[in-house]
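Subject: Structure handover

Dear colleague,

Here is the structure for your files. My notes on it follow below.

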Amino acid sequence: MEFYANLQRIFRRLIKDSGLSRERIRVKAYPLTPEEAIGNPEERDYPLVKGRERLMEADLRGAKGQAYTDLFGDFEGSLQEIAELRLRNNFFRAVFISSLNALLRHLGLIKGTIHCKDKEPKLCGEELFRFIRKRGGRPKVALVGLQPRMAEALARGFPLRISDMDEANVGKEIGGVVVEGPEKNGELLEWCDLAVITGTVLTNGTVEGVLSSKPTLFYGVTVAGAAHLLGWERFCPFAH
């Protein structure tokens, strides 16, 4: 849990330095419906559409931050209370991470904390393919966390392995590649030249297990704040 303790220390410093820790700022995190979160994409196989996950959204003076989670509900409290939360499950981690994203957006330190919608998730996969192509070579890519359009796009141009925590996805074939279980993450990271990792690892508690010395590209709105603070490379071209 040292990873989260470090993030909370940074959070506490930010609210103190900005003068927000003494002020009673209310942050509400609530689960968005699939339509609110992702709109109406043509494909219906995204976790948000299937209802397996939801986006939690924190709102701080109109600055919004989001985070994926499979354990969702309502929360309201001060920033100081959020800074002191025990991040013992996916719900409390999602409250903290979405609030961190909202805080950094409020402070003008980050953008792109709101999920893309409608046709944008599909365009994201195509953009990721071009992004990696521009780097040169033909790297072996490990996609940790299934985003179907990303998987399909990457499979067309790179050696690809995919892992996902959702048992319903394990064993499925996406773009000619069979989705593997999370127990294979270490093997995938050893095999790959480039790891493309969902920001959801921050809320599901697996982040420390996927950090490696391999070149890594985190994707999604969940990781917006942590990527900024920790110097991680983030890919999320259509976030709002």
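A nonpolar core here is a set of buried Ala, Val, Leu, Ile, Met, Phe, Trp, Tyr and Cys residues joined through side-chain atoms within 4.5 Å; buried means under 20% relative accessible area, exposed over 50% and partly exposed in between, with a 1.4 Å probe and protein chains only. The model is predicted, so local features need pLDDT of at least 70 and side-chain atom pairs count only at pLDDT 80 or more, while totals for chains, interfaces and linings use all residues. Residues are numbered from 1 along each chain as its sequence is written, and side-chain values use heavy atoms, leaving out hydrogens and water.

The largest nonpolar core has 48 residues, and Phe11, Leu79, Leu103, Ile197, Leu202 and Trp232 touch the most other members. Helix α5 (residues 90-106) gives the largest share of this core, ten residues. Helices (H or I, at least four residues) and strands (E, at least two) are DSSP runs, numbered from the N terminus. A second, separate core of 22 residues includes Cys124, Ala151, Leu217 and Phe235.

Two residues other than glycine have positive phi:

- Arg61, with phi near 55°, is in the loop between β2 (54-60) and β3 (63-69). Arg61 is exposed, at 52% relative accessible area.
- Asp118, also with phi near 55°, lies in the loop between α5 and α6 (120-134). Asp118 is partly exposed, at 39% relative accessibility.

Regards
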